[in-house]
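Hi,

Here is the structure I promised to pass on to you. My notes on what turned up follow below it.

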Amino acid sequence: MVIFPNSKINLGLNIVGKRNDGYHDIETVFLPVHLRDALEVIEKEKFEFSTSGFSIEGDPEKNLCIKAYDLLKNDFPQLPTVQMYLHKAIPMGAGLGGGSADGAFTLKLLNKKFELNLSEKQLINYSLQLGSDCPFFILNKPCFATGRGEILEQTELDLSEFKILIVHPAIHISTAWAFGNIKPLKPVRSINQIIQQPISTWKDELINDFEKPVFVKYPEIKKIKDKLYNEGAIYASMSGSGSAVYGIFNNKETFSFSFPKNYFIKEVNV
């Protein structure tokens with residue numbers, strides 16, 4: 001069985017408080033977009049995990065696909081051993097949620113393939129053990145997120161008349177570093193209110209708090225955002241803690257500008 005974990009972008013991202021458990025309270029809107037990995041699972045006598053596409057740094061045993069399998073195997077001993085193959089098309093360390101999507105979609109695939117009969121709520125509970133962004137990918141619909149990002153409220157948001165250009169400059173930003181350079185502050189207006197307004201008003205009101213420290217350390221990322229606006233974007237922002245930047249354009253817009261050859265560039269729809 002094959003499944004295609006998709007990425008997300010953040011429409012606004014406010015860091016509103018530091019928690020006693022070491023996490024931060026945030027508010028953001030998660031929007032799924034059609035930039036996707038591919039994940040295949042087949043039964044196998046010996047467990048195997050292999051990847052292609054973008055290289056995945058770190059210990060393979062800590063991959064969220066493997067962690068997702070282990071979570072379910074612990075509660076469902078009858079779950080057979082499998083071979084998992086992951087093709088990475090979503091850049092890593094970009095703020096696009098690729099790793100979180102892979103973990104959450106693994107849960108959904110195993111649940112369906114092996115008829116575990118887990119409810120959406122149960123899948124969300126498992127996914128939260130993988131990471132704060134993972135519950136969103138169980139729902140995989142536009143959501144206003146609070147808490148660590150796991151408290152989700154589906155929101156009506158139709159961007160079908162627009163297209164999105166994602167630009168990733170091959171810079172890996174540490175999420176821990178990004179949070180360490182933020183001073184939490186509750187916003188005057190909630191993101192959930194701002195996104196109900198016309199997109200033309202977002203530029204001056206819809207803010208990603210991570211942009212300020214990231215742009216200081218990596219000015220080339222700010223240049224991407226500026227260029228997207230100069231080329232006609234209605235709204236542009238860094239996604240998550242970066243370093244991917246996206247621009248929202250009218251569907252009729254044609255792109256005639258370019259970026260350095262080592263940049264990842266992808267036009268996507270929602």
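To start with a term for what comes next: a nonpolar core is a set of buried Ala, Val, Leu, Ile, Met, Phe, Trp, Tyr and Cys residues joined through side-chain atoms within 4.5 Å. Buried means under 20% relative accessible area, exposed means over 50%, and partly exposed lies in between (1.4 Å probe, protein chains only). Please keep in mind that this is a predicted model, in which local features need pLDDT of at least 70 and side-chain atom pairs count only at pLDDT 80 or more, while totals for chains, interfaces and linings use all residues. Residues are numbered from 1 along each chain as its sequence is written, and side-chain values use heavy atoms, with hydrogens and water left out.

On to the cores. The largest nonpolar core has 52 residues, and Leu11, Ile166, Trp202 and Leu228 touch the most other members. Contact here means heavy atoms within 4.5 Å. Leaving aside neighbours within four places in sequence, Ile166 is in contact with residues including Ile9, Val33, Leu35, Leu96, Tyr246 and Phe264. There is also a second, separate core of 34 residues, with Cys65, Ala101, Leu107 and Leu118 among them.

Next, the sheet. Helices (H or I, at least four residues) and strands (E, at least two) are DSSP runs, numbered from the N terminus, and two strands pair if DSSP finds at least two bridges between them. Four strands make an open sheet with mixed pairing, in the order S1-S4-S6-S5. Strand S1 (2–3) and strand S5 (48–53) are at the edges with a single partner strand each, so one side of each has no neighbour in the sheet. Strand S4 (residues 38–43) and strand S6 (residues 82–88) are antiparallel partners over six bridges, and Val41 has Met84 in S6 as its bridge partner.

Two helices pack on this sheet. Helix H1 (residues 64–75) touches S4, S5 and S6, and its direction makes about 150° with that of S6. Helix H2 (residues 98–113) touches S1, S4 and S6, and its direction makes about 35° with that of S4. For these angles, axes are lines fitted to C-alpha atoms, for helices over the stretch in contact, and the angles run from 0 to 180 degrees between N-to-C directions.

Strand S2 (residues 6–18) is mostly covered, with 11 of its 13 residues buried. S2 pairs with S3 in the antiparallel sense over 11 bridges, and Gly17 has Asp25 in S3 as its bridge partner. Five residues lie between S2 and S3 in their hairpin, and Gly22 in the turn has a positive phi of about 95°.

Ala236 is bridged to Gly247 in S11. Six residues lie between the strands, and Gly240 takes a positive phi near 60°. From strand S10 (residues 235–238), Tyr235 and Ser237 point one way and Ala236 and Met238 the other way, and all are buried. Lys225, in helix H9 (residues 219–230), touches Ala236, Ser237 and Val245, among others beyond four places away in sequence. At 16% relative accessibility, Lys225 counts as buried.

Finally, the aromatics. Rings of Phe, Tyr and Trp (its six-membered ring) pair if their centres lie within 6.5 Å; planes under 30 degrees apart count as stacked, over 60 as edge-to-face and the rest as tilted. How many aromatic pairs does this rule give? The count comes to 13. The rings of Phe30 and Phe136 have centres 5.0 Å apart and planes at 35°, so this pair is tilted. Phe30 in strand S3 (residues 24–36) and Phe136 in helix H4 (residues 134–139) are 106 residues apart. Phe30 is buried at 2% relative accessible area, and Phe136 is buried at 0%.

Phe54 and Phe264 form an edge-to-face pair, 5.8 Å centre to centre with 70° between the planes. Phe54 is partly exposed at 32% relative accessibility, whereas Phe264 is buried at 17%. Phe249, Phe255, Phe257, Phe259 and Tyr263 form one aromatic cluster. The charged end of Lys163 sits over the ring of Phe255, 4.8 Å from its centre; this requires NZ of Lys or CZ of Arg within 6 Å of the ring centre and within 35 degrees of the ring normal.

Best wishes
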